[in-house]
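Please look at the sequence and the 3D structure together. The paragraphs after them go from the whole chain to its parts.

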Amino acid sequence: MSEEVTFYYSPRSRAVIVHWMLEEVGAPYRVVTLDMEKREHKAPDFLAINPMGKLPTIVHRGVVVTETPAIIAYLADAFPAAGLAPATDDPARGAYYRWLFFGSGCYEPATLDVMLKRAPLEGQQKGMAGWGCHEDVLATLKTALTPGPHLLGDHFTAADLYISSELAWGMMMGVPGLKGEPVFDGYIARLRERPAFKRSIGAS
Ligand SMILES: N[C@@H](CCC(=O)N[C@@H](CS)C(=O)NCC(=O)O)C(=O)O
């Protein structure tokens, strides 16, 4: 079975996060660029692979993987030589999972609340919504990154790759509480010095 990862990609999508990850782990990969303006991600041949019609999507060893943090976690395990995930019997694996899931389960919806100017949830509603609120999410991430330099301390993992990319996306969208916060600015700037990140954006 082919070791090559088939990577369905568009430059203005979360696929850029997976591109960085593919460079970090040194996986052999083939890029299939879909033109989102032409709606190629909603074409029947792609919907047959990912019925959500969303990017990123990868196919590896005959299996389709979607959802950015799942793809990242999968690649970290499929290409373990890169050392981007704590071993399954290492207690740090718990923290690693925590932040991967926190990114999609809490940070993304809380950030969208702010971007879409959805009314803040209060009381029981806030308690029911798994992501709580934007302020609590950012305070939690600040605490997690203090003293740093990574979510798991000295060890850079795939969770950092994901969370720093999500934070950078929020900054790019002008979400308050991100840009100008030394913890977040420093974290993103440091990680973006990584050669794999630079390769993924064609800067080296
Ligand atoms: N839960 C998915 C979200 C993927 C997603 O929404 N991707 C966007 C681009 S960033 C997309 O493909 N949108 C096209 C559409 O839904 O029409 C993930 O984490 O990867």
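This is a predicted model: local features need pLDDT of at least 70, side-chain atom pairs count only at pLDDT 80 or more; totals for chains, interfaces and linings use all residues.

Residues are numbered from 1 along each chain as its sequence is written, and side-chain values use heavy atoms, with hydrogens and water left out.

The chain holds 9 helices and 4 strands; these are DSSP runs numbered from the N terminus, helices being H or I with at least four residues and strands E with at least two. In sequence order the pattern is β-α-β-α-β-β-α-α-α-α-α-α-α. The radius of gyration is 17 Å, which agrees with the value near 17 Å for a compact globule of 204 residues; the radius is taken over C-alpha atoms, and the globule rule is 2.2 Å times the number of residues to the power 0.38. Along its principal axes, the C-alpha trace spans about 50 × 40 × 35 Å.

Of the 204 residues, 46% are buried, that is, under 20% relative accessible area, with exposed meaning over 50% and partly exposed in between (1.4 Å probe, protein chains only). Among contacts with a separation of 6 or more, 62% are between residues 24 or more positions apart, a contact being heavy atoms within 4.5 Å.

The 4 strands of the open sheet are ordered β2-β1-β3-β4, with mixed pairing; two strands pair if DSSP finds at least two bridges between them. At the edges are β2 (29–33) and β4 (63–66), each of which pairs on one side only. On average, neighbouring strands of this sheet are turned by 20° against each other, direction ignored. Strands β1 (residues 5–9) and β3 (residues 57–60) run antiparallel and are joined by 3 bridges. Tyr8 has Thr57 in β3 as its bridge partner.

Helix α1 (residues 15–25) lies across β1, β2 and β3 and runs at about 150° to β1. Such angles run from 0 to 180 degrees between N-to-C directions, with axes fitted to C-alpha atoms, for helices over the stretch in contact.

Helix α1 also takes part in covering the buried residues of α8, as do α6 (134–144), α7 (158–172) and α9 (195–200). In α8 (residues 182–191), the buried residues are Phe184, Tyr187, Ile188 and Leu191. Seen down the axis of α8, these buried residues fall within an arc of 90°, so they line one face of the helix; the arc is that of the directions from the helix axis to the C-beta atoms.
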